[in-house]
Amino acid sequence: PGSSTVKRSSNFNVAVNGYFGGGYYRETLTAQQVQQNKQSGSAGLAVPVGITTSIGGLGKNDNWSFSLFIPVLDIGVVTTYRIDQQNIGASGNLPELTFGNLIAPGGYLIVNFPKSPFSISGGAQFGPQARTITVNGVDLQSSAWRYGFTATIDVPIFNLFNR
């Protein structure tokens with residue numbers, strides 16, 4: 001139903017979109033009780049799904065496009081924590097996995113490369129309560145803001161509007 005070439009060759013496109021790749025992030029925990037290890041860097045999967053608005057047909061060969069992506073769900077948020085779990089020490093243990101842990105709203109600006117499904121992006125997401133932090137012997141739940149850059153494959157799921 002969708003193809004990454006559509007947004008690159010169209011003047012304007014709105015789609016339900018997914019991306020798959022990797023990223024580097026800077027995370028800031030939101031729990032006010034956390035004084036140490038409040039910020040950390042991490043690398044991991046980026047697997048967000050949301051709404052993309054794209055302006056395409058740009059450049060010499062009309063194949064560049066730029067997108068504003070509003071993620072709603074992100075499976076990568078949970079997998080990144082799992083990848084980093086051995087390195088986060090006192091910053092957190094994973095709680096039980098729930099659907100609420102996959103909700104990760106945010107915003108990214110994306111550059112879509114011509115004649116390929118590859119994209120790079122920069123932006124921020126609000127991560128769900130996917131960490132349990134131990135502060136003074138008390139376990140607390142904390143969400144986090146993730147700021148980062150990603151390199152992904154563009155996976156349009158369904159075009160909503162195309163001009």
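With which side chain does the side chain of Ser-67 make a polar contact?

Modeller: Happy to! Please keep in mind that this is a predicted model. The partner you are asking about is Ser-54: the two side chains make a polar contact of 2.6 Å. Ser-67 itself is found in strand E4, which covers residues 64-74. Ser-67 counts as buried because its relative accessibility is 4%, under the 20% cut-off. Leaving aside neighbours within four places in sequence, Ser-67 is in contact with Lys-7, Thr-52, Thr-53, Ser-54, Tyr-108, Leu-109, Ile-110 and Asn-112.

Let us follow Lys-7 from that list. Lys-7 is found in helix H1, residues 4-9. Is Lys-7 buried or exposed? With a relative accessibility of 1%, Lys-7 counts as buried. Its side chain makes a polar contact of 2.8 Å with the side chain of Asn-17, and another polar contact, of 3.2 Å, joins the side chains of Lys-7 and Asp-154. Not counting residues up to four places away in sequence, Lys-7 touches several residues, among them Ser-54, Ser-67 and Asn-112. Asn-17, Asp-154, Tyr-19 and Thr-52 are also included in the contacts of Lys-7.

Now to the strands around this spot. E3 and E4 pair in the antiparallel sense, over nine bridges. Within this pairing, Thr-52 has Phe-69 in E4 as its bridge partner. On another side of the story, strand E1 (residues 13-29) is joined to strand E3 (residues 48-58) by six bridges, and these two strands run antiparallel as well. There, Gly-18 stands opposite Val-49 in E3.

Leaving out residues up to four places away in sequence, Phe-69 touches a list of residues including Asn-17, Tyr-19, Val-49, Thr-52, Tyr-108 and Ile-110. Phe-69 belongs to the largest nonpolar core, which has six residues: Tyr-19, Tyr-25, Ala-46, Phe-69, Tyr-108 and Ile-110. The elements giving two or more residues to this core are E1 and E5. In soluble globular proteins, nonpolar side chains tend to be buried together. Two members of the core, Tyr-108 and Ile-110, are also among the contacts of Ser-67, which takes us back to where you began.

The charged end of Arg-146 sits over the ring of Tyr-25, 3.6 Å from the ring centre. A search of the whole structure finds five aromatic pairs. Ala-144 is found in strand E7, residues 138-162, and at 0% relative accessibility Ala-144 counts as buried. Ala-144 and Thr-30 are 114 residues apart in sequence, yet 5.4 Å apart in space, C-alpha to C-alpha.

Lys-115 is found in the loop between strand E5 (106-112) and strand E6 (118-135). Lys-115 is exposed, with a relative accessible area of 68%, whereas Lys-7 is buried at 1%. Lys-115 also has a positive phi of about 55°, although it is not a glycine.

Methods. Residues numbered from 1 in each chain as written. Predicted model: local features only at pLDDT ≥ 70, side-chain atom pairs only at ≥ 80, totals over all residues. Heavy atoms only, no water. Helix = DSSP H or I, 4+ residues; strand = E, 2+ residues; numbered from the N terminus. Buried < 20%, exposed > 50% of the residue type's maximum accessible area, 1.4 Å probe, protein only. Polar contact = N/O pair within 3.5 Å; in protein donor to acceptor, adjacent residues only side chain to side chain. Contact = heavy atoms within 4.5 Å. Phe/Tyr/Trp six-rings, centres within 6.5 Å; stacked < 30°, edge-to-face > 60°. Lys NZ or Arg CZ within 6 Å of the ring centre and 35° of its normal. Pairing = 2+ DSSP bridges. Core = buried A, V, L, I, M, F, W, Y, C linked by side-chain atoms within 4.5 Å.
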